[in-house]
Each structure stands twice: as C-alpha cells, then as structure tokens.
Amino acid sequence: MDQDRSPDLTPFEIDLTFEEARRRAEVVAALGPDWDPVAALEGEEAAYALLYSGLDAEQQRTYDMLVAAGVLPEGGPGRAPSH
C-alpha cells in the first residue's frame, strides 16, 4: 500500500476531458434541432449595432476612445478585443 494513502480513503478519479465533451453535447442537445447558430450570430451583430447607434458627438468620442484603448471591440463582423 502506498505510504501517502490512508487505508480509509477510496481513490476517486474523473476524466475532465470526457466530462467536458459530455457537457457540450448536452448543451447542443438542449438547444434543439431548430437552433441556428448563424441566425443567432446575426442577431447579436444587429443588437450590437443598435446598441451603439444614434450616439451624440460626445458619446461617439467616448466610444471611439474606448475602442482605441481596447476596452470595447471594434465594430464589424468577427470583432474581438485587441488584448
């Protein structure tokens, strides 16, 4: 018997890779057959565009400053923070 193990303890192991794959499969199954990832992404893009539309001059300057600083992602498809 291993000297580091107590005889009262039962070893417990879990394969996290398998569990993550199982979790992801369950998420996709829960989304259902009607889930359209392209439509969902297009909806997110439209919401983002609407969120930052109609800014006044000061709001636009603040927005531009935050984009330049990398706090907000640049607009457009596939946008992501610079860091």
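Arg-22 counts as partly exposed, at 41% relative accessibility. The model is predicted: local features need pLDDT of at least 70, side-chain atom pairs count only at pLDDT 80 or more, and totals for chains, interfaces and linings use all residues. Residues are numbered from 1 along each chain as its sequence is written, and side-chain values use heavy atoms, with hydrogens and water left out.

**Overall layout**

The protein has three helices and zero strands. From the N terminus on, the order is α-α-α. Helices (H or I, at least four residues) and strands (E, at least two) are DSSP runs, numbered from the N terminus. Of the 83 residues, 7% count as buried. The protein exposes about 7400 Å², and carbon and sulfur atoms supply 58% of that area. Accessible areas come from the Shrake-Rupley method with a 1.4 Å probe; for residues, only the protein chains shown count as cover.

A salt bridge is a side-chain nitrogen of Lys or Arg within 4 Å of a carboxyl oxygen of Asp or Glu. By this rule the count is three.

| Glu-19 | Arg-22 | 3.0 Å |

Salt bridges that share partners join Glu-20, Arg-23 and Arg-24 into one network.

Where do Arg-22 and Glu-19 lie? Both are in helix α1 (residues 16-31), three residues apart, about one turn of the helix. Glu-20 and Arg-23 also both lie in helix α1, three residues apart. Glu-20 and Arg-24 are four residues apart in helix α1, which means a separation of about one helical turn. The general rule is simple. An α-helix has 3.6 residues a turn, so residues three or four places apart point the same way.

How covered are these side chains? Glu-19 is partly exposed, with a relative accessible area of 25%. Glu-20 is partly exposed at 30%. Arg-23 is partly exposed at 42%. Arg-24 counts as exposed, at 53%.

**A nonpolar patch**

Val-27, Val-28, Leu-31 and Trp-35 form a nonpolar patch on the surface. Together they have about 360 Å² of accessible area. Patches are made of residues with over 30% relative accessible area and no salt bridge; like charges are joined within 9 Å, and nonpolar side chains (Val, Leu, Ile, Met, Phe, Trp, Tyr) within 5 Å. Leu-31 is found in helix α1. Leu-31 is partly exposed, with a relative accessible area of 38%.

**Helices α2 and α3**

The expected span of a helix is 1.5 Å times one less than its number of residues. Helix α2 has 15 residues and should span 21 Å; its end C-alpha atoms are 21 Å apart, which agrees. Helix α3 has twelve residues and should span 16 Å; its end C-alpha atoms are 16 Å apart, which also agrees.

Now for the helix starts. At the start of α2, a side-chain oxygen of Asp-36 reaches to within 3.1 Å of the backbone nitrogen of Val-38. Asp-56 caps the N-terminal end of α3, with a side-chain oxygen 3.1 Å from the backbone nitrogen of Glu-58. Just after α3, Gly-70 takes a positive phi of about 85°.

**Aromatic rings**

The structure holds two aromatic pairs. Tyr-52 and Tyr-63 form a tilted pair, at 4.8 Å centre to centre and 40° between the planes. This pair links distant parts of the chain: Tyr-52 is in the loop between α2 (37-51) and α3 (57-68), while Tyr-63 is in helix α3, eleven residues apart. Rings of Phe, Tyr and Trp (its six-membered ring) pair if their centres lie within 6.5 Å; planes under 30 degrees apart count as stacked, over 60 as edge-to-face and the rest as tilted.

Is Tyr-63 buried or exposed? Tyr-63 is buried, with a relative accessible area of 13%. Tyr-52 is partly exposed, at 26%. Tyr-48, Tyr-52 and Tyr-63 form one aromatic cluster.

Conventions
Buried < 20%, exposed > 50% of the residue type's maximum accessible area, 1.4 Å probe, protein only. Polar contact = N/O pair within 3.5 Å; in protein donor to acceptor, adjacent residues only side chain to side chain.
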